[in-house]
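Work through the exercises below with the model open beside you, and try each task before reading its solution.

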Amino acid sequence: MPSASDPSSTTTIRRPTVTVARAGRVVLLVVLVAAVVSFPSLAPNPYILSAGILVLNYALLSTSWNFVGGFTGYISLGHGALAGLGAYGTGLLVTRAGLPSFLALGVAALVVAALAVPIGYAALRVRGASFVIVSIALVLVLLLVFQSWASFTGGSRGLTVPRPFPDLLRPEHHRVFWFLFAGLLALALLVWWLIDRSRFGLGLKAIREDEDKAESLGIPTFAYKLVVFVVSAGFTAAAGGLYALWFGDLDPVFQFSILTGSYLVLMALLGGVRTLFGPLLGALVVGTALEYFKVEYGGTPLHLVATGLLLALVVLFMPDGVLPAVAAMLDRFRPAQQSIREVTAAELREQRESGVRAETELAATRPGTPSTRERA
Amino acid sequence: MASEIELVDIQAGYGRAAPVLRGLSVAVPAGSIVCLVGPNGAGKSTVLKAASGLLKPRSGRILVGGREMTGQGPQAMLAAGVAHVLQGHSVFREMTVAENVLLGGYTLRDKAFAARRAEFVKELFPVVAQRWGSLAGLLSGGQQKQVEFARSLMVDPKVVLLDEPSMGLDPNATATVFEQIVRMRDAGTAVLLVEQNARRALEAADLGCVLDLGRVHISGPASELLADPQLGELYLGGRPAEPPVVPKR
Amino acid sequence: MTSGALIFQSVVLGLLLGGLYALLASGLTLYFGIMRVVMIAHSAFLILAAYLAWWSHTRFGVDPLLSLVVTVPLFFAAGVLLQRGLLSRLRPATLTMMSVLLTFAIAVIIEGLLGYAFTGTQRRIQLGYGTANLELFGARIAVVKLIAFGLAAAALLTLYLLLKRTTFGWALRATIQHPDAARLVGIDTNRVAGHGFGIGLATAAVGGTALALDTTIYPSLHWHWIGPLMAIIVVGGLGSVPGAAAAAMVLGLTQSLLQIPLNTTWAQTVFYLALLATLAFRPQGFFGGRLAQRF
Amino acid sequence: MTDQALRTEGLTKAFGGVVALDGAGVAFRHGQVNALIGPNGSGKTTFFNCVTGMIRADSGRTVYRGRDITRATPHAVAHAGIGRTFQLCRVFPRMSALDNVLAAVRPGGVLGRLRGARGRAEVDRARGWLTRLGIEHLVDVEARNMSWGQQKLLELAGVLMSDPETVLLDEPAGGVNPALLDRIGGLVRELNAEGRTFVIVEHNMDLVMSISDHIVVFDRGRPIAEGPPSVIRSDERVLGAYLGV
Amino acid sequence: ACSGGEQGSASTDDPIVVGISLPLTGDFSEPGKGVQRGYQAWAKIVNEKGGLLGRPVELKILDDQSNADRVVSDYEQLIGQDQVDVVVGPFSTRLVVPAARVAEEYGMLFVEPAGAAKEVFEQGFKNLFYAAPAVANDHYNHLAEYILGLPAGQRPTTAAYAAMDDPFAQGTAYGLKEKLEAGGIRTVVDEVYPPNTTEFSGIAAKIASSKADIVVGGSQYQDGVNLIVALQQLAYQPKLAAFSTAPTSPEFAAAIGNKTEGILAPTGYTQQAPYPSNVEFVEKYTTQFGTPPEEDEANAYTTGQVVAAAITAVGCAEQGDCQRKLIEWVRGNTVETVVGPLSWDATGKPKGAHMIQQWVGGEIQIVLPGDAKEADIVYPKPAW
Ligand SMILES: Nc1ncnc2c1ncn2[C@@H]1O[C@H](COP(=O)(O)OP(=O)(O)OP(=O)(O)O)[C@@H](O)[C@H]1O
Ligand SMILES: Nc1ncnc2c1ncn2[C@@H]1O[C@H](COP(=O)(O)OP(=O)(O)OP(=O)(O)O)[C@@H](O)[C@H]1O
Ligand SMILES: [Mg+2]
Ligand SMILES: [Mg+2]
């Protein structure tokens, strides 16, 4: 029974470009997977492999960051601290509770995710600038705590995390961790993609645009934000934990650093926060750039200047990231978008009426027809 | 009669998108009201933005009092006597009503004149006087519109561009606004008025323009447009015959 | 065995410290309250000013207070350039977020350049009166701290008068709240926003000089200041200059007093605890800062 | 009882010294088109805000279909079946018209939330609403690039997409072309014929008088008169307080 | 991947490449640069004498930006990609431990100039050796002995400690604290402050109001200066004031307005030390850099000397089995260095002690131990 509240009267127009784009994406994905799988055997020496792991770690962290930053638009400079919590959690569970390494990693990720509930509960109450400030404060306060509470965390003496595979030689060790990092990254990307296309994801994006409006449409904004924050924290902590197992030495100064957090933001932003592979691409570019700056300006603090300039350029000229910028460039070759109507009101009227006539002939009353004003 | 403001063959648009105005011309003679009507998205607000310098036209000319003003920004336009009241809400939300109204006279050198005008608008819109010290962003929608209109009355421009001044106003305030528009016209100001309250606006106006697709569709004396039944149905809403519920003051 | 003298001494120190915090936080408040910009680079500029004071002192023997004659106008100009050249290019819709990142970048650049020019060495101005002190009811007050406090108070007062008593202040606020409407009432929005930023940065020049009087400086020192300053402006109510000043005094005092029973590290957490308490009980801040919110 | 859709009792809200709602007690019947009119600043929008939980009333009660929703959060109110538009027109600026409308779809349960957002059926329905409101040519245009009236219509499309049982519209006619307004009026009547309840705040008396069954007039935060259009049209107090005669 | 062992004994003119990662930028850049100069001086002096095993020595120095991640990837690069022949240590305890782990996992000898905290030697490293006379906790040993040896009437009864939260700095103060407490000297203030602290008036107020007889600072440079100035601002006059690191710096006196009288500091190195290699080092270093070497430079130089001694004795310098031989040699032998003869226990900890210097008459001089002293210790300390 057709009713006024079921207005599906127009047919959807499917564009042919969609299928082309989809095919392109599949090819890209295959290439990406092949590259990741073959990298360890292609890497000329363990150093390159370890540098690759650092990039993967960055990619994993900034993808995790992007759960919050990309969907809800809440910019957190404090994700470095969540990674630090994951790392310390894993380390402490191994050294103090004697858990096996990977069980400790899992437990630590869960614990941090659970901790993210109260943290998110406090931080997500405020929006915009206040949230950024709170996220910075999170890093600083955790740094203070982990530094001062030396009897538990080791304080500034650091914490040594035993190797999960004590028998492996260092190059082998790197190879194993390369695949572990890649696996976790794949999982994070998969979850991001699932959220991105879901109704939950659309709700999150609505929050990014206008939180009160989203709320009035029935989106439980606070719960949504909290859930995605917890997911993000869980992945971030897992990344931190994996790093702890790989790296072995934790020091609060490096684990709880604003600079790390801001690198994540830089990467995600550079690649494009609204795209699945944006943070990954950003990590590749920024990771390489950081390495390059170090080689080029090593010995002077100019590498800081170069990093700052890179960030400033991205913010000023590519605030949507590389991927969207490229897409926009391609768009330039398509005809410009029309927001203004092609037909005048008179023509429109005519169209509509002929449409109605045609439908009446088919004896199907369609919504949109002016109905007679009668009341029951 | 010479036009106080004249837009000639304007092409204008936003960003890289296709133009919104496609070769549009309007002229407002001094001491008359020209009313722009048209469907949503026809480009009415865009015309006003081009006329006040907020939006630089891609081509075409703008003359104010016969003087070439093409490509000038809002400050220069204001100096030349063009005032613009934006569509929607444009009060300074975190400033008091007083500050809002007085800022309307930002360019005035003569402080005594500004004070007199402020008294005048306070009398005109009671809510402005009542809420003089409270933050403008906390007023109701209609009250904010009144503050905005009051703000625009602080100066004595040669040309006013009004973008739906009656939107959201209750009948009393609407009547005040229309009264003031007519009074401005009578004082020799050229008024370019955009209204969706089209019948009411055309009744007050001297000339009317129907805009569609970024072009002037039809223009002529306002009374003729009002009388045209087809135009009425397409652009002005379908019930010209019903008596207005709101009695005029 | 906390003695009354120690408590009194701590109160005096806390008030002096709070004054400096107040000045520094007021600049941040200005950017945010008026321009919706979270200026991470504020403390980097602070350190820059401190370096300039130090440099002119060691190089030419100029008293740091005299260097203000140069640094204040210089910073004002830098602020104008920064706003006009960079911040005004950001999209209004994402201004707050993007300004965080942009000013973060600026902070890092300043840090790098300072490190390049002056190396990472810790520097300290060696003043003849560096350890001079007065006695007040048994408490000792270092002359340099007193001077710093005086500078802060004078700068704060000027700032307050400028914003509240001049049309410039109005124009500044109008500009950020509705740029188009501001242009339509005849405000030169570019100029006004630029000047606003310049004034904010000028407070950093004063603050930096005050800071240089009595501490060591090094290029990465600004990170140390960001946390407490950010906490102060949230507690004070984002955007309220008097709020920030009040919060700064209270927190400075609390920090100083907490150092008696706790150690320095834990005393620092007072800023973050206050921040948390603010979020939990009064997200709009404890000392003012009422942003219009209508649905 | 069920006959009453929305009822408030003694709803009071003061902002500092300004009393926006002053013990307002109103009842709207189910299945009717109701109008809420009154001078600027009489508390109509505040009434909507309190009912939908966007702001908390100082005292008083709100009951919707027999359920107390006084302290419910806005999304809970939406779930209870009340949809609303905003006077100051709120859309998601950096989302396309289509996504704006799709964002309003009610996800069913946890699993429903994980379903794809662009299901065939939903997209068709969303396009349908855009068409009916005359903005189908804007499907892929981001909302921030639309004119005032277009945004207004888009917001309406979104709310209708969320399929609320009761719809609160705050000045739906503001800035909308009169020709289109006739169609919107028709649409409201049609949806009402299906059993949907409307509460419309509006200053356009032509529209109010022509579509509503029941009118409540507010002044200074409380109702001063109510009844069908014919009664309101000639009510002394209304003429004095609102119509300015 | 190609591994280092395969190359066999290199030809004679192939340089011996020494890989080093140093904090040339960031928080530790100041001492990092000092260490760099020490290494450079060492390479120059060795090469002037014909190199090692007839091969010239070449330094490959990377900047780790004072960052632990970087220090690891630097050594990874040096060993894995650049195939250096030997590696030596970076600066700061925080960076030494992760760096040593990389070296150990590649089986490399790791002599280091800066990991003085006792924790470094608790990690179970088998390849690590600290090239200085004593670890942090033992720096004040001579002073403790002296204080506890004072006659009961003169002996201080209360002490205040303020230490930076850093394994090294804190180690020095707590080493002394432990011994004095055992000797019955009461601790009245025990403050630990984070490394980035610049505001010391609160700590100083606590110390001053405690009226402790002696004050001990476990400090690096800048915090030491700040703390002393803050104490002076409060007109506090202890009977004895000892601070690590800061007072031995050449800028120290000017930094605190020349009110240095009586301040004590431990040091592992003095330019006046009579060891033959030191005379050469001070002379050549001064011609190369224009100023005499400080402790950081000397420690780096010492590190070089230890490695050189091992290479010369074992007769090889490359990755692979040779490294095991080098490690064994260092463990079993004593090396003559600019800080005197050095030998190590099983954990790589050196078996010496630091000297104590004091500012006397506007100059810093060695006052303890008795057999090395240049001046007599002044106690109680004159007012500052
Ligand atoms: N900022 C913008 N960026 C891009 N396109 C825009 C922008 N503002 C308006 N448009 C487009 O330009 C066209 C004309 O808009 P304009 O605001 O002038 O319409 P209008 O006639 O005032 O409509 P309304 O009656 O709804 O206010 C519309 O199709 C709209 O989509
Ligand atoms: N958040 C707030 N803070 C302070 N005052 C408020 C706030 N919201 C509303 N008010 C005041 O409450 C009164 C009622 O406002 P409301 O928006 O409900 O009026 P309205 O009936 O919707 O008017 P309009 O027809 O103009 O939209 C007004 O005087 C307004 O200034
Ligand atoms: Mg418009
Ligand atoms: Mg309203």
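**Exercise 1.** Sort the shell around ligand 1 by residue class: how many residues are nonpolar, polar and charged?

*Solution.* In this predicted model, in which local features need pLDDT of at least 70 and side-chain atom pairs count only at pLDDT 80 or more, while totals for chains, interfaces and linings use all residues, begin with the classes: Ala, Val, Leu, Ile, Met, Phe, Trp, Tyr, Cys and Pro count as nonpolar, Asp, Glu, Lys and Arg as charged, and the others, Gly among them, as polar. Sorted in this way, the shell holds seven nonpolar, twelve polar and three charged residues. Residues are numbered from 1 along each chain as its sequence is written, chains are lettered from A and ligands numbered from 1 in the order in which they are written, and side-chain values use heavy atoms, with hydrogens and water left out.

**Exercise 2.** Locate ligand 1: between which chains does it lie, and which residues are closest?

*Solution.* Ligand 1 sits between chains A, B and D. Counting a residue as near if one of its heavy atoms lies within 4 Å, 22 residues surround the ligand, the closest being B:Lys44, B:Ser45, B:Thr46, D:Ser147 and D:Gly149.

**Exercise 3.** Find polar contacts (pairs of N or O atoms within 3.5 Å) to oxygen atoms of ligand 1.

*Solution.* In chain B, a polar side-chain atom of B:Asn40 is 3.0 Å from a ligand oxygen, and a backbone N or O atom of B:Ala42 is 3.2 Å from a ligand oxygen. From chain D, a side-chain N or O atom of D:Gln150 lies 2.9 Å from an oxygen atom of ligand 1.

Methods: Polar contact = N/O pair within 3.5 Å; in protein donor to acceptor, adjacent residues only side chain to side chain.
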